[in-house]
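Hi everyone, thanks for coming. I'd like to walk you through one model today, so please have a look at it with me.

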Amino acid sequence: VVVEKFFQHLAALKERANSKTSKRPNVESVAIELAFNRPVVDRVLRLINSSESYNENVNRLWRPITDFLALVNRFLIDCDKEICIDKVGWLNVVLKGGEPLSLDVLSSGERQIVVILGHLAISRELNQERIFIVDEPELSLHLKWQQIFVESIIAANQNSQFVLATHSPAIVMSLREKCVSLDRNSI
């Protein structure tokens with residue numbers, strides 16, 4: 001309330017200074033009053049800048065977590081589930097319009113996605129390059145998930161090398177040129 005009144009007072013001073021009916025002495029009194037208020041305005045501007053800097057830092061620190069959640073939730077969107085983090089940092093599952101539940105409510109494929117993407121995201125934040133080997137990722141994944149699996153693991157950690165052993169063409173559809181077939185008939 002005090003800050004609001006202060007800014008209303010400054011706006012009124014501006015109006016008085018810009019008024020066509022103002023006389024010269026009135027403009028000078030406005031200028032003097034504005035000069036007296038300048039330290040308060042400067043302090044408010046420093047607080048605003050400090051607040052913006054703080055928010056930028058918080059967003060920068062949370063970005064890996066929000067990126068991880070966005071990747072995982074791409075898989076869960078059709079199931080009306082969402083992974084979120086509570087106030088103390090626990091991962092929870094929220095069913096559409098429901099209360100937060102433990103990860104136990106996830107299917108094996110959903111848990112597999114959370115674990116793989118979480119591991120990759122943590123490795124990325126530790127600046128660790130890895131060779132990541134996944135044997136038959138399609139076993140617990142819906143066909144739609146198979147189609148976004150490789151793109152998602154690469155997004156989770158671009159510094160890792162991925163080796164996937166799969167029988168599913170959906171896993172590697174857009175990356176055929178990077179595939180090596182181990183089929184004896186194709187050698």
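When I say helix or strand, I mean a DSSP run, H or I over at least four residues for helices and E over at least two for strands, numbered from the N terminus. With that, the order along the sequence reads α-α-β-β-β-α-β-α-β, giving four helices and five strands.

A word on the source: this is a predicted model, where local features need pLDDT of at least 70, side-chain atom pairs count only at pLDDT 80 or more, and totals for chains, interfaces and linings use all residues. Residues are numbered from 1 along each chain as its sequence is written, and side-chain values use heavy atoms, leaving out hydrogens and water.

Now to the strands, which I call paired if DSSP finds at least two bridges between them. Strand β1, residues 81–85, runs antiparallel to β2, residues 91–95, with five bridges. Their hairpin has five residues between the strands, and Gly89 there takes a positive phi near 95°.

β2 also pairs with β3, residues 100–101, again in the antiparallel sense, over two bridges. Four residues separate β2 and β3 in this hairpin, and Gly97 in the turn has a positive phi of about 75°. Follow Val94 in β2 with me: Glu82 stands opposite Val94, and Val94 also stands opposite Pro100 in β3.

And the overall shape? The C-alpha trace spans about 95 × 40 × 30 Å along its principal axes. Finally, 26% of the 187 residues count as buried, meaning under 20% relative accessible area with a 1.4 Å probe, protein chains only (exposed is over 50%, partly exposed in between).
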